[in-house]
Amino acid sequence: MHRPVPFPQPLGQPAAPRAELAPFLTPSLATVVSGARRRALRDGDRQIDTAHLLHSLVESDPDVGAALGGGKAARVLGYLVQRSIGYGLRWQRSVEGSAAGRPLPAVRGSGARGSRAASAWSPAASAALTEAFRRAAVRGDPQARGTDVLAGITADPECRAVEVLRRAGIDTAALNTRLAAGSTTVEEAPLPPGEGEPSQQV
């Protein structure tokens, strides 16, 4: 039986600095978190949300790609890369709510780019990271992994990342169950009826 280890308190709204999170992240997951932060800043988004985390996870973590399945991981990226040019464009006009469905108030100056943008984790992204740290602590690991974050993301059926995963034909409930059981492999399955390749339509 693993002895639980300490993990960070809930992140709340401010985007925790890299130095604050570093002791609790594997090197690869630290790269993922930094990548999500940079992506949000570059796009001028209000917050670092679960879709930013998912994008960085799929690009940087082979275990996450294996958990999604090679073909579907590529399809997920196909949706995510269109965030700024069509798919998900409406997200720029809103803030990702928490796992409990409580929306945040609008952020002042949300249209500005640069240092004022992406100054916070969305509630759903904060919850996903907190769950990742909890999973690592329960198994006695001082650092969370990318698949821990993926498990935290898929635990929230209403977050943006889960919307993307579903559009890519991934059963997020089944994926969460596999991750909870420690499995990071998946059998490829066909897309649900009516689903195809991503388009630029919002």
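The model is a predicted one.

Helix H6 covers residues 123-138 and comprises 16 residues. From its first C-alpha to its last, H6 reaches 22 Å, which is close to the 22 Å expected at 1.5 Å a residue. Of these 16 residues, 12 are buried, and H6 is therefore largely enclosed by the rest of the structure. Among the buried residues are several alanines, including Ala124, Ala125, Ala128, Ala132, Ala136 and Ala137. Pro123, Ser126, Leu129, Thr130, Phe133 and Arg135 are also buried. Just after H6, Gly140 adopts a positive phi of about 85°.

Arg135 counts as buried because its relative accessibility is 17%, and buried means under 20%. Leaving aside residues up to four places away in sequence, Arg135 touches Asp148, Ala151, Leu179 and Ala180.

Is Arg46 buried or exposed? With a relative accessible area of 18%, Arg46 is buried, since the term applies under 20%. Arg46 can also be related to a residue elsewhere in the chain: Arg46 and Ser122 are 76 residues apart in sequence, and their C-alpha atoms are 8.7 Å apart in space.

Note on methods. Residues are numbered from 1 along each chain as its sequence is written. This is a predicted model: local features need pLDDT of at least 70, side-chain atom pairs count only at pLDDT 80 or more; totals for chains, interfaces and linings use all residues. Side-chain values use heavy atoms; hydrogens and water are left out. Helices (H or I, at least four residues) and strands (E, at least two) are DSSP runs, numbered from the N terminus. The expected span of a helix is 1.5 Å times one less than its number of residues. Buried means under 20% relative accessible area, exposed over 50%, partly exposed in between (1.4 Å probe, protein chains only). Contact means heavy atoms within 4.5 Å.
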